[in-house]
Amino acid sequence: MTPSLGRTPGGPVKPPGILAGLECDLALNLVGQPLARQLVAKGVTEFVLSQEPVKPLVMSFHGWTGTGKTYVSHMLIRHLFRDGLRSAHVHQFSPLVHFPHVEHLAQYKSNLRNWIQGNLTCCGRSVFLFDEMDKMHPGLIDVILPFLGPSWVVFGTNYRKAIFIFVSEEKCNAHHRTSQTADQQKIPTEKSFLGIFPTAVAEEKLEEERRKKIRRIFGETETLKDLKSPDKVGTYEGILQRAVQQHSQEGRKYLFRGEWEKAITCFTKALNLDPNKVELYTQKAEAFLQLCDFQSAVLHLQKVHFMAPTDKHLARLAFVLHLQGQCLYEQNVYLDALESFTRASELKPENTLYRMRSIACLGALKRYNDCLQMVNEEVTREKTNPDLFVLRARLYEYFGKATQAFSNLQEAIALDPAHGPAQTLLEKFRKISQKAKDHAVSKAVKGNLKAALLKINRAIEYNPLCPGYYLFRGNVLRRLKDFSAAIDDYLKAVELCKGLEAGEGLEVRTDAQKQVLLTYNDFAVHCYSKGFYEEAVLLLNKAIKGEMNEVGLYVNRGDCFLKLGQVNFAMADYQQAAEMSPQDPNLQRRVAWLYNEMGMQDFGERRYQQAESYFSSAIQSHPREFKYYLHRAKTRMFLQEVMGAREDISTALLLEPHAEEVHAVTAKLFPGEPIDSFVKSKVADLAKAVLDRRLAKGPAPEALVELESEETLAGDIYVQNEEPELTAKRQSLVKRQDPEERRLSERLSVCRKRSQKVDEEVKEAREHKVSLEPTAVRLSTCPQLPEKMRSSDEVYQWRKFSQGIGHF
């Protein structure tokens, strides 16, 4: 080995403790290299002790394999840095590993320059070790060249305290090329240096050493060199090959016996004689591998691949790197193990094992983001491996993405239904989801709906395929008045029930469908309360389309139509609801109220005949309201039907004897007669008989009294949600009407007999009609319908809304 140093000139200085140890280590362990020992110790000592060196320290080691170039380099780095080669300030490069592809030369040049510049910026005392410089591309040498001169700054970086170490087996053309480049750029060097990788030994001296070596083999005579004999002597090349063969055989013998150190020694001797034997490098690498010297084995296999690039050699190199990484992984040196596995996977990218070991190292280093990225790439390459899906599920669980984790577990079970880890993790998810559901139920019972919503959301994240969870969340959202989200959850529950069995799935599906309709109704009620009547109509249309037998939906839509002024549609909905529930007094009151309002409108427009018809319909629907009789009596007064008006006012007086407005109209129809005598008249008896007949056809009075406090007044929204107890109560009230009907029928028979006598009086009274002026009668103030009701004959036009339902 022939070393050379580019150093700061100066006198001898006593080395510190560390450098003294270096000199001692070189003296004890470096045998046969006095020149290298002297130059290395002196050059390193002077450079390290100099606080402001004028240029970096450049060392170039030349020589055959096994002469100690790499050994001296590593020894020097161990004495300079506490962590040796593992230090963050030591940077080792190999052309075969770091710059294998010539077509990427431009990228390599940029990366190398940036790497040197960046590390020198971080630490000016960095060491850069370049191995196998004889195989380095000249373009890369040109990148290193500017850092080796005496300039103060290169690319904006001060590099004068750096150390550059170059190791090569021979002086290749690259050295001469860079030497010429250095001359062109006028980089000053010492006269004793030769080019960029100078040597302190002249070529004449090296040639003289070669001749001495030949003389030691052949002696002083020169005749044996060219002697050709078929017997035992042979030529120089023949003798050399026989020696190589002899060392190779001995090395294989020791290799077979398991004596790995002796085998390495023999292979080294053979390679010193003939460094072009590829198989010797391979066998020497196997010996190093048996000694667990993975780094030496890797270097020799790199040499083999460079000399004879084949897939077999490349695969072996990748396998050795994998063994090195596995050994480091077992020693918990995960970062170095990751580097070895990464290099192996780069050499053999089709090998899944190397990539999986890299993922294991990333997981051990807790670099879960990088780990997840690599797992995603593996899943893309191989979609039939359930273990990958389970691994990705665990990573998603770590990042709090339970839904994605559950989906990956489903994929794993679909590939392998008996996969144990997937089943275990899936069972864990189900327990977590059920526990969250129980907490949500507890919170909802206590009235804390927002906390219940958070808990049920967690349950759905860990088990997004359970329709019952969506049904429960829909109920919570409905109570929170988030109707759009509630409808989405109900529809999701219906969709998930399609794949379940007929038992539980059918029950949940039926309940979810019913809840969808109720949510549409609640949403419509909410829109009604906000004044968005058209949106409420659209929502109720959807609800009625799904459930056409729900009375409350028709009533609610009728109320919305009424607010929109569409009286015809409102009346149609009320009548439809009344047909479906004829015994519902609330519906009858609504229909009666609407007829009364329509009659009042026609009365104000002096359409008395039509007004009388509406008032009669109102009385037929709700015969217990005295105002309807009063209004019809006033209308009949304008129509000059005095007998009918007297009958109506008599009925109103029977229903509400203390109403002042009734007394005012009574005084007009029965002038001069007191109220007490009028009640006992035949007209009053006839009115009472007719009223009893009408009341016999309607609901019992007790039902009206009991429900009056619970039912909504006309004009308010109606929500039909009957309970079974209320339904049973109504049925019992209907049954109690039977004895009352019998009593009324008896009274009606008596009234019929009296009516024959009254007919004559009625005819006589009609012949003597009382003249009434139109201004003599005034109607009391009544509620006014919306303006749209005045055009109730128009056909309702369905509208489209740009913002949709729920945008308030």
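Is D648 buried or exposed? Select D648 and find out: at 1% relative accessibility, D648 counts as buried. Here buried means under 20% relative accessible area, exposed means over 50%, and partly exposed lies in between, using a 1.4 Å probe and protein chains only.

Before we move on, a word on what is on your screen. This is a predicted model, where local features need pLDDT of at least 70 and side-chain atom pairs count only at pLDDT 80 or more, while totals for chains, interfaces and linings use all residues. Residues are numbered from 1 along each chain as its sequence is written, and side-chain values use heavy atoms, with hydrogens and water left out.

**Stop one: around D648**

Helices (H or I, at least four residues) and strands (E, at least two) are DSSP runs, numbered from the N terminus.

Now widen the selection to E612, R632, R636, E641 and D648: salt bridges link them in a network. By this rule, the count comes to 20 salt bridges.

**Stop two: two more pairs**

Pick R381 and E378. Both lie in helix α16 (residues 368-381), three residues apart, about one turn of the helix. R381 is exposed, with a relative accessible area of 51%, whereas E378 is buried at 1%.

D602 is buried, with a relative accessible area of 6%, and R607 is partly exposed at 41%.

**Stop three: helices α17 and α18**

Show helix α17 (residues 386-398) and helix α18 (residues 402-415). They pack at an angle of about 165°, with their axes 8 Å apart. Axes are lines fitted to C-alpha atoms, for helices over the stretch in contact, and angles run from 0 to 180 degrees between N-to-C directions. α17 and α18 are therefore roughly antiparallel to each other; angles over 145 degrees count as roughly antiparallel, under 35 as roughly parallel, 65 to 115 as roughly perpendicular and the rest as oblique.

**Stop four: helices α19 and α21**

Move to helix α19 (residues 420-445) and helix α21 (residues 467-479). Their axes come within 12 Å and cross at roughly 25°. That makes α19 roughly parallel to α21. To see the contact (heavy atoms within 4.5 Å), select S433, Q434, K437, A440, V441 and A444 in α19, which meet Y469, F472 and R479 in α21.

**Last stop: F61**

Finish at F61, in strand β2 (residues 57-62). F61 counts as buried, at 0% relative accessibility.

How values were computed
Salt bridge = Lys/Arg side-chain N within 4 Å of Asp/Glu carboxyl O.
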